[in-house]
Structure formats: C-alpha cells, structure tokens
Amino acid sequence: MTDLPPTSDVPVLTIDGPSGSGKGTISREVAARTGWHYLDSGALYRAVGVAAGWANVDLSDASALVRCTFDTRVRFQDTPGGEPRVLVNDVDATTELRTETAGAAASAIAAIPEVREALKDRQRAFRRPPGLVADGRDMGTVIFPDAPYKVFLTASAAERAERRYKQLSGKGVSVTLDGLLREILARDARDANREVAPLRPAEGAVLIDTTGLGIDTVVERVLALLPARYIA
Ligand code: C5P
C-alpha cells in the first residue's frame with residue numbers, strides 16, 4: 001500500500017467539514033452539476049461500523065475492527081435523482097447507515113490508524129475521469145492533498161442538529177433534537193481531537209459557513225471555485 005499522493009491529472013474537489021454541515025447534499029449536487037464522480041467517504045466508515053455490528057465485533061477491539069475493514073465490501077449504486085444505495089457485503093444498508101448508531105460506530109472506528117490506512121487506496125480509486133467530488137473529513141488534508149479545489153464547510157452546532165433532525169425524521173427515523181445536538185457535539189470533539197487525521201481545514205481550503213444559507217446558495221459558491229469548463 002502506498003502513501004504517496006496520487007499524481008493523476010483527474011481534477012478533484014474536496015469538501016470536508018463536520019457532520020450536518022451540508023457536505024453530503026452539497027457534494028452530490030455539485031457532482032450532478034459537473035458530471036463528476038462522488039465519493040461519500042463517511043459511508044465507508046459507517047459501512048465498517050455496521051458490518052462490525054452485524055458480526056458482533058466489539059468496538060474496543062481494534063485488531064478485530066481492522067480485520068473487519070479488510071473484509072467489508074462496499075458498493076454504491078446510483079438511484080435516479082436520489083441518494084445512492086449502499087450495499088454492504090451485498091446487503092442494502094442504505095437506511096441503517098444513516099442512523100446515529102452507525103455514525104457513532106463510524107466515529108469510534110475512524111480513530112484507529114490502521115482502519116484509516118486500510119481505506120486509503122479504496123478512496124483514492126474513486127479518482128476517475130472526468131473528475132471527483134470527495135466528501136469527508138480528511139479529503140483535502142490526507143486522501144487528496146494535491147486536489148486543486150478544496151472547500152471546508154461549517155455551520156453552527158444548533159443548525160446542524162436541526163438539519164439532521166429534519167433529514168432523519170423525514171425518513172421515519174425516531175430521534176430527538178436534544179439527543180442529536182449532544183451526539184453532534186460529542187462526535188465533533190472526537191473527530192477534531194483524534195491523533196490521526198483530525199478534522200481541520202486543509203491548507204488553502206475555502207471556508208464556507210453555511211449557517212442560514214440555502215442549499216442552492218452554497219452550491220453556487222462552491223461551483224464558482226471551479227473553472228466554467230467543468231460545469232455542465
Ligand atoms: O460524514 P459522516 O457523518 O457519514 O461520517 C461518519 C463518521 O466517519 C464521522 O463522524 C467521522 O468520524 C468518520 N469519517 C472520517 N473521515 C472521513 C469521513 C468520515 O473520520 N473522511
């Protein structure tokens with residue numbers, strides 16, 4: 001496994017930020033507007049978390065989790081106009097992946113350096129023509145440090161909890177606003193303070209605070225960073 005940054009000429013736009021900052025929605029929309037591929041790196045960590053749960057792997061057993069990472073197959077299937085379906089070991093785990101349990105498991109697993117290492121090449125393999133929108137926490141800092149376009153999205157914790165609440169309750173997932181806010185703050189702290197790939201803006205990343213901004217406004221701000229020839 002190599003740790004050298006890819007030298008590929010394929011353009012990459014990295015969109016990093018904390019949970020609920022709007023990364024997923026914005027990234028998918030920007031991918032649609034450019035015709036570029038989309039990497040939902042959080043889904044990979046969530047998939048390992050879900051697979052670990054299915055296999056009754058203890059979240060404190062780092063070596064079992066590393067084995068689980070190598071054993072977990074993840075496939076993304078596009079759906080017309082919607083969020084891609086995610087198959088974990090050939091089982092449709094799209095809904096389970098979005099639960100707070102899966103998010104918390106992903107965050108715990110993501111703190112293990114060998115897990116991050118095991119997922120590096122898998123993430124870099126998404127860099128294919130005509131381009132890639134890479135959504136995550138360390139896309140601009142670790143996975144695609146040579147990306148020509150980098151964005152860091154933020155939003156207040158209260159607004160992020162509210163967005164998550166709407167998103168999850170709209171899907172019939174039972175959650176409380178308070179619970180989500182606590183979960184988001186705990187996850188932020190874990191993601192920002194871990195030793196490997198802590199959440200922070202990449203050097204040269206454009207910071208966009210999405211608090212109070214609509215999706216379209218943010219999408220336009222992100223697209224404005226790309227040369228016009230890339231926009232469909
Ligand atoms: O973005 P999402 O909420 O799906 O990510 C779930 C968790 O996976 C995050 O809280 C974070 O701990 C971890 N993650 C990461 N690096 C990434 C993407 C996600 O550590 N590039």
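K150 touches L13, T14, G140, F144, P145, A202, E203, G204, A205 and V206, leaving out residues up to four places away in sequence; contact here means heavy atoms within 4.5 Å. The residue K150 belongs to strand β7 (residues 149-154). Strands are DSSP runs of E with at least two residues, helices are runs of H or I with at least four, and both are numbered from the N terminus.

The model is a predicted one, in which local features need pLDDT of at least 70, side-chain atom pairs count only at pLDDT 80 or more, and totals for chains, interfaces and linings use all residues. Residues are numbered from 1 along each chain as its sequence is written, and side-chain values use heavy atoms, with hydrogens and water left out.

K150 is buried yet has no salt bridge, and the nearest side chain of opposite charge, D146, is 7.0 Å away. Buried means under 20% relative accessible area, exposed over 50%, and partly exposed in between, with a 1.4 Å probe and protein chains only. A salt bridge requires a side-chain nitrogen of Lys or Arg within 4 Å of a carboxyl oxygen of Asp or Glu. Lys and Arg count as positive, Asp and Glu as negative, while His and the chain ends are not counted.

R194 lies in the loop between α9 (177-193) and β8 (206-209). With a relative accessible area of 9%, R194 is buried. Its contacts beyond four places in sequence are A110, A111, R116 and R137. Between R194 and A110, 84 residues apart in sequence, the C-alpha to C-alpha distance is 9.0 Å.

V88, in strand β4 (residues 85-88), is buried at 0% relative accessibility.
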